[in-house]
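Please look over the sequence and the model below with its sheets in mind.

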Amino acid sequence: MIKLIQEIAKNFITLKQEFYKNYAGNSHIQEFLPLVSSDSFPIDKEHLQKLIEFAESNPIYHNSFDMELNDTPCRIYEGDINDYWINSLKHDSSYQPFYPTWILSGYLLALSSKTLGYEKLIDIGSGDGRIAYCGSILNLTSYSIEIDESLIQLQNKIQSNVSQRFHPMCSDAMEFDYDSINLSKPEFFIGGLPQQGEMLVANVLTKIQKTPLAEESGFVLAGTHSKKQFSGDSSNGGWSQIINDFGLTVQEILEVPTSWTFDQQTDTPYYFTKFQ
């Protein structure tokens with residue numbers, strides 16, 4: 001299954017590059033979703049519909065239109081996150097302003113977690129809750145932890161219009177009591193690229209390392225190919241020091257499109273890790 005997910009991700013990146021070449025709009029953010037299951041995107045039809053449901057219910061998107069990309073019917077979504085981006089900078093404990101991964105990327109990431117055997121998904125620094133939402137589509141019990149009140153209001157608005165529950169919680173992840181949500185085989189998605197997110201990642205790892213959950217937990221870290229993000233060793237997407245300091249094993253690397261890589265040749269590598 002992991003090989004299939006990797007193949008879908010490669011096809012998605014190829015389609016993203018085609019989209020970038022042909023896109024004539026000027027929206028702050030933009031992304032697309034395939035409208036049908038195909039050989040390139042063998043995704044459950046009901047799951048695809050739920051991804052579209054999320055996009056249609058999300059106020060950050062102000063326009064959509066259909067376009068064919070490499071013979072794949074797609075729906076393009078255009079949006080603006082400026083207000084949320086600015087609000088997310090107001091918190092001292094915020095390690096990265098709101099800039100979302102793409103919805104289909106979130107689905108592939110959550111599908112990887114399920115394939116690796118995890119049962120619960122905790123998205124820390126969750127933005128509009130899309131990764132937690134995708135986890136719930138796949139029957140993972142999902143929790144969305146976000147420090148910014150306006151983003152939690154956005155998540156609650158989305159949740160009121162979709163069929164999935166992904167449990168938005170307004171909290172500082174540095175202070176959050178993870179015992180309060182009765183975890184078992186959890187996968188933690190921790191927001192923040194290298195340098196910006198190191199303190200948050202170290203805090204969560206330290207907390208979980210001291211509990212019986214340590215052996216059954218996984219941690220997903222968003223890496224980067226950008227040299228600007230690195231203060232030292234650039235291997236493992238910029239997470240080498242964290243991986244070495246905490247003795248993590250890399251289970252899987254999945255590279256997928258994100259809003260911040262739309263105009264780049266490389267995309268965002270997500271590192272699936274666990275304690276050795």
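**Sheets and their helices**

An open sheet of seven strands runs in the order β6-β5-β4-β7-β8-β10-β9, and its pairing is mixed; two strands count as paired if DSSP finds at least two bridges between them, and helices (H or I, at least four residues) and strands (E, at least two) are DSSP runs, numbered from the N terminus. This is a predicted model, in which local features need pLDDT of at least 70 and side-chain atom pairs count only at pLDDT 80 or more, while totals for chains, interfaces and linings use all residues. Residues are numbered from 1 along each chain as its sequence is written, and side-chain values use heavy atoms, with hydrogens and water left out.

- Strand β4 (residues 120-124) runs parallel to strand β7 (residues 186-190), and five bridges join them; L121 stands opposite E187 in β7.
- Helix α4 (residues 103-115) packs on this sheet and touches β4, β7, β9 and β10 (268-275), contact meaning heavy atoms within 4.5 Å.

**The three-stranded sheet**

- Three strands form an open sheet in the order β1-β3-β2, with antiparallel pairing, and its edge strands are β1 (29-34) and β2 (61-69), each of which pairs on one side only.
- Eight bridges link β2 to strand β3 (residues 72-79) in the antiparallel sense, and the bridge partner of S64 in β3 is Y77.

Technical notes. Axes fitted to C-alpha atoms, helices over the stretch in contact; angles between N-to-C directions.
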